[in-house]
Amino acid sequence: GSTIGIIGGGQLGRMLAMAAARLGYRTVILEPQEDCPAAQVASEHIVAAYDDPNALEQLAELSDVVTYEFENVPVDSVEMLNESKAVFPPPEALKVSQDRVAEKRFLNKAGIQTAQWRIVENEGDLKAALLAFDGKGILKTRRFGYDGKGQIKFTGAKGESAKSGFAAIGSVPSILEALVDFTREISVIAARDEDGNIKVYDIAENVHKDGILATSSVPVSVSSTIAGLAADSARKLLDGLNYVGVVGMEFFVLANGTLLANEFAPRVHNSGHWTEAACAVSQFEQHIRAIAGLPLGDTRRHSDCVMENLIGDDIGRVPMLLQETGAVVHLYGKAEARSGRKMGHVTRITKRL
Ligand code: ATP
Ligand code: MG
Ligand code: MG
């Protein structure tokens, strides 16, 4: 049998390892944290830093193909691995997604509309950018942001200042995005194989709480134009990056029917967890198929559903959820239920189609 290498040992790595095992693959993860969600299901675990040269060499030797489960993997590591083993998604996709400026440029160049944005290197840049956007916007660090961390919102209210705002995000290279007055947030999960075939799942509507995804619901009540536009954007992105694997792409829908891309993640995505309960082939299996050179699976949905993240203390609700008809419970095996920590998710089937 073949072995799939996975950089990162979080819940996404765990679910990828589970999907790989079901298709007969072994998995080896590279993750410094000994007791991580993926370690419980992977065949092998290299306990080392993501940029440890010896560990990377070992990973390359053990794997037939390598992938990653989070977007802050050092690009150097992935490029080094890519010299001896195929790494999917391609290093370029990782690179672009790690920097919000490179990401926005790439999207805009590919003809995908985003919110207006300005590079912010210092307080003066921020002042000028805020002036251009009527004092409203979201300041985001260019790198390492997730779950809404590293962001400051400007609403145009008195007392907001560029000086304290820039200091609050740590005075690091940033981007100011115009504040989008969206009616809903949607996302699309899509996959591309090495031959360039693309499969797209149905769009999900996402609701965030405290910057963290709370629920993803399918179907979404948007026009077929909007749905088509979102799927087309994903196709443009995948082709533009000569992508192999699953991508998650987030959008804002405006009241006037405009669709703006927010960001993409070069990996399986939290807003695609519903696919394990409502599709024959989940996003996790789809990713394994794409990177292993297997045919992409059917993305049709057999049910309507709502995926709810179980965060922190929500884990206490599991005994009740296990008694619910039509609820598919998935837990990540994390021992400590810290606040804001994703412990698992539940997908409720609301209607069989
Ligand atoms: P993720 O965990 O999805 O990677 P992140 O930290 O990268 O999150 P974003 O997706 O950029 O952050 O933003 C988090 C949320 O903040 C968005 O889902 C949206 O609700 C809100 N948001 C982000 N950018 C804007 C914007 N320009 N205008 C209005 N709201 C925004
Ligand atoms: Mg993000
Ligand atoms: Mg996001």
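1. Domain bounds here come from an automatic or database domain assignment. That assignment gives the chain domain 1 (3–87), domain 2 (116–177) and domain 3 (182–352). This is a predicted model: local features need pLDDT of at least 70, side-chain atom pairs count only at pLDDT 80 or more, and totals for chains, interfaces and linings use all residues. Residues are numbered from 1 along each chain as its sequence is written, while chains are lettered from A and ligands numbered from 1 in the order in which they are written.

2. Start with domain 1 and domain 3. Their C-alpha centres lie 22 Å apart. In all, 19 residues of domain 1 are in contact with 16 residues of domain 3. Two residues are in contact if their C-beta atoms, placed from the backbone, lie within 7 Å. On the domain 1 side, helix H1 (11–22) and strand E4 (65–68) are the elements that give two or more residues. H1 gives the most, with eight residues. Helices (H or I, at least four residues) and strands (E, at least two) are DSSP runs, numbered from the N terminus. By class, this side of domain 1 has 13 nonpolar, three polar and three charged residues. Ala, Val, Leu, Ile, Met, Phe, Trp, Tyr, Cys and Pro count as nonpolar; Asp, Glu, Lys and Arg count as charged; the others, Gly among them, count as polar.

3. Where does ligand 1 lie? Domain 2 and domain 3 both give residues to the shell around ligand 1, so it lies between them. There are 17 residues around ligand 1, and Gly145, Tyr146, Asp147, Glu177 and Val180 come nearest. Strand E6 (136–141) and strand E14 (259–265) are the elements that give two or more residues to this shell. A residue is near a molecule or strand if its C-beta atom, placed from the backbone, lies within 6 Å of it. The shell has five nonpolar, five polar and seven charged residues.

4. Next, a helix pair. Helix H4 (residues 91–98) and helix H5 (residues 100–109) pack at an angle of about 110 degrees, with their axes 5 Å apart. Axes are lines fitted to C-alpha atoms, for helices over the stretch in contact, and angles run from 0 to 180 degrees between N-to-C directions. H4 and H5 are therefore roughly perpendicular to each other (65 to 115 degrees counts as roughly perpendicular). Lys95, Val96 and Ser97 of H4 make the contact with Ala102, Glu103 and Phe106 of H5.

5. Helix H10 (residues 283–292) is largely enclosed by the rest of the structure, because nine of its 10 residues are buried. Among them are Phe284, His287 and Ile291. A residue is buried if 20 or more other C-beta atoms lie within 10 Å of its own, exposed if 12 or fewer, and partly exposed in between; C-beta atoms are placed from the backbone. Gly293 follows H10, and its phi is positive, near 80 degrees.

6. Is Leu310 buried or exposed? Leu310 is buried, with 22 other C-beta atoms within 10 Å. It sits in strand E15 (residues 303–311). Beyond its neighbours within four places in sequence, Leu310 is in contact with Ile315, Met343, Gly344, His345 and Val346.

7. Compare Val329, in strand E16 (residues 327–331). Val329 is partly exposed, with 16 other C-beta atoms within 10 Å. Leaving aside neighbours within four places in sequence, its contacts are Val318, Leu321, Leu322, Gly344 and Val346. Val329 and Arg348 are 19 residues apart in sequence and 8.6 Å apart in space, C-alpha to C-alpha.

Note on methods: Parallel < 35°, antiparallel > 145°, perpendicular 65-115°, else oblique.
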